[in-house]
Amino acid sequence: MYRSNFPDKAFIDNLLLRCSVPPQTQGFDFLSEAIYLYATGHYKNISEIYAEIGAKRGYPESKVHRYADYSLNQAFNLADTVNELFGTRYAFNDLHNKLVVALFAHYLTIHRAEQSKNNKEEANKDK
């Protein structure tokens with residue numbers, strides 16, 4: 001089975017685990033990679049991302065999307081975690097696939113910016 005590996009994978013995986021997305025499902029890995037790819041800003045829609053992920057694994061886009069949906073539907077702590085991270089009031093049923101990927105990609109972008117800022121501050125302290 002193809003397992004993706006990319007920068008920020010551990011951070012994204014931990015975020016998904018915090019939401020109780022089951023890591024043993026195929027959709028977990030698909031979601032993780034989709035969040036990473038969405039954060040690059042090179043894609044117009046979620047279908048393009050899932051098509052690329054599927055092409056690497058020999059799956060059609062629809063199957064990748066379905067596996068990701070299944071994994072999100074198993075995440076009993078999803079709404080609570082999203083609401084805690086973003087100060088929102090989403091109900092579980094409001095958190096569809098594309099929204100979750102977009103929100104977590106945004107969270108990843110914020111995390112990267114904070115890391116970059118901290119790294120610059122540390123470098124300035126060393127001077």
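A word on conventions: residues are numbered from 1 along each chain as its sequence is written. In this predicted model, local features need pLDDT of at least 70, side-chain atom pairs count only at pLDDT 80 or more, and totals for chains, interfaces and linings use all residues, while side-chain values use heavy atoms, with hydrogens and water left out. Helices are DSSP runs (H or I, at least four residues), numbered from the N terminus.

**Helix α1**

Let's start with α1, residues 9–18, where Lys9, Ile12, Asp13, Leu15 and Leu16 are buried (under 20% relative accessible area, with a 1.4 Å probe and protein chains only). Viewed down the axis of α1, these buried residues fall within an arc of 155°, so they line one face of the helix; the arc is that of the directions from the helix axis to the C-beta atoms. Ala10 and Asn14, on the other side of α1, are exposed (over 50%). After α1 comes Ser20, with a positive phi near 70°.

**Two helix pairs**

Two packed helices are described by the angle between their axes and the distance between the axes. Here axes are lines fitted to C-alpha atoms, for helices over the stretch in contact, and angles run from 0 to 180 degrees between N-to-C directions.

| Helix pair | Axes come within | Crossing angle |
|---|---|---|
| α2 (residues 26–40) and α3 (residues 46–57) | 10 Å | roughly 125° |
| α3 and α4 (residues 61–73) | 8 Å | roughly 105° |

α2 and α3 are therefore oblique to each other, whereas α3 and α4 are roughly perpendicular. Angles under 35 degrees count as roughly parallel, over 145 as roughly antiparallel, 65 to 115 as roughly perpendicular and the rest as oblique.

Which residues make the contact of α2 with α3? On α2 they are Asp29, Phe30, Leu31, Glu33, Ala34, Leu37 and Tyr38, and on α3 they are Ile49, Tyr50, Glu52, Ile53, Lys56 and Arg57 (contact means heavy atoms within 4.5 Å). This set divides into eight nonpolar, no polar and five charged residues. Ala, Val, Leu, Ile, Met, Phe, Trp, Tyr, Cys and Pro count as nonpolar, Asp, Glu, Lys and Arg as charged, and the others, Gly among them, as polar.

For α3 with α4, the contact involves Ile46, Ser47, Tyr50, Ala51, Ile53 and Gly54 of α3, together with Glu61, Val64, His65 and Ala68 of α4. These comprise six nonpolar, three polar and one charged.

**Thr81 in α5**

Finally, Thr81 sits in helix α5, residues 78–86. Thr81 is buried, with a relative accessible area of 2%. Not counting residues up to four places away in sequence, Thr81 touches Arg18 and Cys19.

Conventions
Helix = DSSP H or I, 4+ residues; strand = E, 2+ residues; numbered from the N terminus.
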